[in-house]
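Trainee: Could you take me slowly through a single part of this structure, the sheet and what packs against it? I am new to it and would like one connected account.

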Amino acid sequence: MLRAFLNNPIVVGFNVEKSSKSTPFDSTCCQIVKELVDNAVDSFANQSTGNGGCNSITISLDQTSDNNFLILTVTDNGAGFDNLVANVNAFQSTKIISTSSTSAPTPTVGKYGIGLTLAILYTFFHTLTPASISTTTANSPTLLTCQFKPDEATDSIIVVSQKHQPTPLQTSGTTVSVLLPAISKTSPSISQMCDYFARFHLSIGLNVSILFHAPTLLNSDFRVQPKSSVEEGFGEYFGDRASPISSDNVGSAVVEIVKDSFSLGISMVVDNEEEEWEEEEEEADQVDGHVAKMQLIRLVNGVPLHDCADAKACALVLQLPFLKCWRTYGLNVTASPPTTNLVPTFDVKDVVSLGLDAKSQSQLNTLPAGLRLKKIICVVNVRAKTDEVAFPTLSKSRLPQGDSRMDNALEVGVKACLAQLAGAGGGLLSEPKDLRREIRLKVDVPAISEAMGSVIAGMRSKKRRERACDGLGLGLGLSGGSGSGRGSGGGGCSSKEDIAQALSVRLKAVIEK
């Protein structure tokens, strides 16, 4: 099994190849951190922790004295391992699998039991040093510390050493310490890790505090505290904004699929303060204001999924741009062209199927999507028991396709978020009925009036022009002056412009009623 993981790293989310010495370690480093932090979050599902409900995770990443390696230590005060040695190999797990129809969803991101195995395997592959794991449970008087490494002969993780120490306090928890190849302060892996931790700000209701301490790589510690509201979470996620996120710019909904066991939580925020995406080149159409950008952040039971090349096959990523509700609110969503940024990103434009070309857009007196919306964050949190929904693939990068229940819930949830944004009255979106009305008033009416004005003014017979005007209730008087168009010599009538103006007033009055 370990050989299969090494020979097919993309299957488990590691974008490195065993035979490639030139492949940067950045992605692997970030994925190892994620695997260990995910496991730490999952440990709080087994709530015999003795920590008083103060769930915390501390991640320390520091260079060795020779600057050739990094020491990664992840410590949690979760439940700990009753049998550590039995759970370091693949597909062994202490995670609770909820089967009761009345129990709450288990807050875990996976159920396969490979996270710890992968961390041990890939750190040894790159540094040839064993991983150290210390653990204790609330009912145990001792702290067990073991060193593990992969064994090629048995194709499994084996114990190198172990010792027991007394624990004076009745606490629980686990500490995993591994040696990683050194990375620079400017490494993309650092920003990827910080982005991963920042997404925990968006996990409303996850009772976990996170501290990321990397003194040689970060100027200050990175902290995440539990959030109680969507606005609070987005405010922390965006960080150094000039002004707080307005509630008018936030929409959120929870769609229950199976009572008490499977739901979809969706939040959307419009951040129209910044001019462009960080670290992204501004494209020409963004400069013109025609295109807004939307990023999709995917969570499973509050834990961020892995953004890698495999994420493009995630059911949420594939389904999002095809939701019918976008067009209801005058928007067209398409996948953005591929970039080095692996976060699922979409182009958001004003819909063209309603006849809104550039001229019509200006007639509506509304800013195009790129200027009024600028950038959108869409957060989808799948909350489910492990036996209720197909959990992420081994790579933790995508949810399997084919679950119509989740597809329908995504449609309902996003539509509810758009309705909230439109109903806030901030000019971000128009209500569907208002959008149709504005199109009729400012696009359709002028076009119809101009066309009808040309037709009526072009009639050769004065009586026919009179009957046409009277029939439309325009109330135009006859004029002895020259008319416009082919009827100019037929006794005169109001000009094409007068007829179009009168018809426009008449049509608008009808629509206003």
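Mentor: Strand β1 (residues 56-63) and strand β2 (residues 69-76) run antiparallel to each other and are joined over 7 bridges, where strands are DSSP runs of E with at least two residues, helices are runs of H or I with at least four, and both are numbered from the N terminus; two strands count as paired if DSSP finds at least two bridges between them. Within this pair, Ile59 stands opposite Val74 in β2. This is a predicted model, in which local features need pLDDT of at least 70 and side-chain atom pairs count only at pLDDT 80 or more, while totals for chains, interfaces and linings use all residues. Residues are numbered from 1 along each chain as its sequence is written, and side-chain values use heavy atoms, with hydrogens and water left out.

The two strands belong to an open sheet of 8 strands with mixed pairing, in the order β5-β4-β3-β6-β2-β1-β7-β8. Its edges are β5 (156-166) and β8 (222-224), each of which pairs on one side only. On average, and ignoring direction, neighbouring strands of this sheet are turned by 15 degrees against each other, with axes taken as lines fitted to C-alpha atoms, for helices over the stretch in contact, and angles running from 0 to 180 degrees between N-to-C directions.

Helix α3 (residues 115-127) packs on the sheet and touches β2, β3 (131-136), β4 (142-151), β5 and β6 (173-181), its direction making about 30 degrees with that of β6; contact here means heavy atoms within 4.5 Å. Of the 13 residues of α3, 11 are buried, that is, under 20% relative accessible area, with exposed meaning over 50% and partly exposed in between (1.4 Å probe, protein chains only). Among those buried are Leu116, Ile120, Tyr122 and Phe124. Just after the helix, Leu128 takes a positive phi of about 60 degrees.

Leaving aside neighbours within four places in sequence, the contacts of Leu72 include Ile32, Val33, Leu36, Ile59, Val176 and Leu180.
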